[in-house]
Amino acid sequence: MPRYTVHVRGEWLAVPCLSSTNTIEWLGKEAVRRYMKNKPDNGGFASVEEVKFYIRRCKGLGLLDLDDTVGDALEDNEFVEVVIEGDIMSPDFIPSQPEGVHLYSKYREPEQYISLDGNSLTTEDLVNLGKGLYKIKLTPEAETKVKKSREVIERIVKEQTVVYGITTGFGKFARTVIPNSNLRELQVNLVRSHSAGVGKPLTPERTRMLLALRINVLAKGYSGISLETLEQVIEVFNASCLPYIPEKGTVGASGDLAPLSHLALGLIGEGKMWSPKSGWADAKYVLEAHGLKPITLKPKEGLALINGTQMITSLGCEAVERAGAIARQADIIAALTLEVLKGTTRAFDTDIHAVRPHRGQAEVAFRFRSLLDSDHHPSEIAESHRFCDRVQDAYTMRCCPQVHGIVNDTIAFVKDIITTELNSATDNPMVFAEREETISGGNFHGEYPAKALDYLAIGVHELAAISERRIERLCNPSLSELPAFLVTEGGLNSGFMIAHCTAAALVSENKALCHPSSVDSLSTSAATEDHVSMGGWAARKALRVIEHVEQVLAIELLAACQGIEFLRPLRTTTPLEKVYDLVRSVVRPWIKDRFMAPDIEAAHRLLVEQKVWEVAYPYIEKYRREHIPESRPISPTAFSL
C-alpha cells in the first residue's frame, strides 16, 4: 500500500493510500482531515469541505494538479505539502528546502566510496564528501578497532564500574552514579538536552562534512561506539539524510556539544531532517522514506556521537580549502591589474626573493614571472611602456610577493593543523582497548583549530585589503591613466564607482571579523568547563572573511578586464588573455551603466569554482618545467605550497 508524508501547517502526517487511482485532491483532503482530528478546535475549520488548498512537492516545490491521480503524479513515500489558502507563512517556519539547495537539483547518488580508517582523511576528501561525490565505508582495520573498543565498554557496564559518561552523569553531575537500568535513557537524555543550538541550519554540504568527519573520528576506535551503531550512521550518510543542525551554540569545549547533539538527535529519529528526496520533515519520516530505522543508543553511544571538535574542524576544512583557492587566483588577478596599470616586472626578479627566502614569497614571485615574463609570453601592453620614465610601482603591485606570500604560508600552516585535527580522537573519556581501560582527558578542547582559524582569517583578509587598493588605482584616473571609474561618458555613466565602494565595505567588515574569537573564554557547566575555545565562531567568521575576500577579488577581476578594453588593440600575455576570455564568456564589456550585481556574482562564481586557476595553471606549470627542470608540478587542486 503506497503511503505519503504530508505537511500541513507545521504538522507532518503519514497518509496511507488504498488505491493509486485516488486523486491528489483526495490526498490533500485526507491530510487536512487528519490534521483537524488532532486539533481540539479542528484547526479552526468546520469541515474538510470548506478548506481550500493547493499541494506542492517538498522537493523542488512544484505544484501538483488536484485532478491527477497519486499513482501518476507521486512516488511511494513522497513528501508533499498542503498549503491552505489565506494562510500567511510564519517567519519561523522551516522551509521545505535549506539555503543553497538549488545545487541539489543536480544531486545524483554517488557510486564511488571513500574508505575511512580515522587516520588518513584529507581536507580535499572531506570537501568532496560534503559535495556528495562519495559514499563512505570502513576499512577492515577500522572495524576491528571499533569492535575491540566496544568490548571495553561492555565490560564496564557488566561489572558496574564507575566511569564518567558511561555509568555517571555529565559535567557537574559527573559524581552522580546512574544505575544500569537507566544507562540507555541517560544517553538519549544527553542528546535531547544538549540539542540547544540556535540560528540557521547548516547547509547540506556542511552537514554532510560534519557527519562524515564524525564517522572518521569514530572509525579510529577510541570512542566506544558499537560497530552496529556506526554502520547505521554510515547508512544515514550514504542516503544523504541530514539532520537539522543550527549553526550557533558551541563554545568549542567540551567539543561542539550543541551542533553534534542536533546531529545525533536526527540519527535517533527526533527533530528535523532533510534529504534530496524529502526536503525537510520529521527525522523519523525521512529515515523511513529511505528504508532506515532510528538508532537505539547503547551505553556511552550518545556521548560518543557528540563529544569532539568536528563542527569547528569541518567548517575549518572548507575555510582552508577555499582560502587556498582564492590565494592562488589572487596572484593571477593582481598580475592582470599590473598589466593594465602598466607596471614593471622587475620587482619579481629571482635574485630579490632568493635573499629573503620565504617559501610563499618565492612561489608568488614565480607565478608573476610565469604570467608576465615578456621573453616567454610577449605582451604588447608591456612593450608599449618599456621606455617610460617610471622607476618603481606602488606597494600594492610591487609588494605582492611579500603580502600574498605570507597568506600562502599562513594557509599551509593552518592546513597542517586542520589535517591533524581531521584524524584525531577528540572524545572524553577515551577508550584504549589495548590497555582495557578508559582515561578522561581534554582532547575535546577546540583551542588548536580555533587559534588556527583566527590566524587564517587575519592572514587571508590581507588579500582583500591589498586588492581594494588596486581597485582604487584602476578606478582613479590620476593613478591609472584610464577613464574615471573605467567607463566612457563619465557623469552620464558611473561605471565601477560603487563596485569599489562595495569592495571597501567588505574590507572594513573583515577588519571587525578578524578580531580573534579564541582570545575569549567564558566558564560553563557550573565551572566544570571553565575554559573554552570559542572555536565555532572562529570557524564561521573565517568562512565569512574568505567569502568577502572572494567577492573583493571578483570586483578587481572585472575592473582589470574592463581596463583591458581601454588598452585595445594592444594585447597582454597569452595566459592573461585566456583569463580575459574566460571572464568575457560570462560578463560582457561595460559600455554603459547596467545592473552590476549579477556581473560580480558571475565573477565570484568563476573564483569559487577555480576556473581562473584552471585557465592559468597549465602556463604556470609549463614555465616551471622550463625554468626549474628538476621541479615537480604542483597539483591544480593543491591548496598549500
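Visitor: Leaving aside its neighbours within four places in sequence, which residues is T313 in contact with?

Guide: Happy to show you! Beyond its neighbours within four places in sequence, T313 is in contact with L213, I418, E421, L422 and P449, where contact means heavy atoms within 4.5 Å. Keep in mind that this is a predicted model, in which local features need pLDDT of at least 70 and side-chain atom pairs count only at pLDDT 80 or more, while totals for chains, interfaces and linings use all residues. Residues are numbered from 1 along each chain as its sequence is written, and side-chain values use heavy atoms, with hydrogens and water left out.

T313 has its place in helix 11; helices (H or I, at least four residues) and strands (E, at least two) are DSSP runs, numbered from the N terminus. With a relative accessibility of 0%, T313 counts as buried, a word that stands for under 20% relative accessible area, with exposed over 50% and partly exposed in between (1.4 Å probe, protein chains only).

Helix 11 covers residues 310-340 and packs against helix 23 (residues 611-627) at an angle of about 70°, the two axes being 9 Å apart. Axes are lines fitted to C-alpha atoms, for helices over the stretch in contact, and angles run from 0 to 180 degrees between N-to-C directions. Helix 11 and helix 23 are therefore roughly perpendicular to each other. (Under 35 degrees counts as roughly parallel, over 145 as roughly antiparallel, 65 to 115 as roughly perpendicular and the rest as oblique.) On the helix 11 side, R328, Q329 and I332 make the contact, and on the helix 23 side K611, V612, W613 and A616 do.

Q610 sits in the loop between helix 22 (597-608) and helix 23. Although Q610 is not a glycine, its phi is positive, at about 60°. Q610 is also buried, with a relative accessible area of 16%. You can find K300 in the loop between helix 9 (283-289) and helix 10 (301-306), and it is buried, at 0% relative accessible area.

Another stop is helix 6, which is mostly covered, as 14 of its 15 residues are buried. Not counting residues up to four places away in sequence, L242 touches P204, T207, R208, M273, W274 and W280. L242 lies in strand 9 (residues 242-243) and is buried, with a relative accessible area of 2%. From L242 to D520 there are 278 residues along the chain, and their C-alpha atoms are separated by 31 Å.

Let's finish with another helix pair. Helix 19 (residues 497-513) and helix 20 (residues 535-565) pack at an angle of about 160°, again with their axes 9 Å apart. That makes helix 19 roughly antiparallel to helix 20. Residues in this contact include A499, T502 and L506 of helix 19, and W537, K541 and V545 of helix 20. In the loop between helix 20 and helix 21 (574-584) you come to P569. A cis peptide bond joins R568 to P569, with omega about 15°. The bond from A253 to S254 is cis as well, with omega near 10°; S254 lies in the loop between strand 10 (246-248) and helix 8 (257-267).
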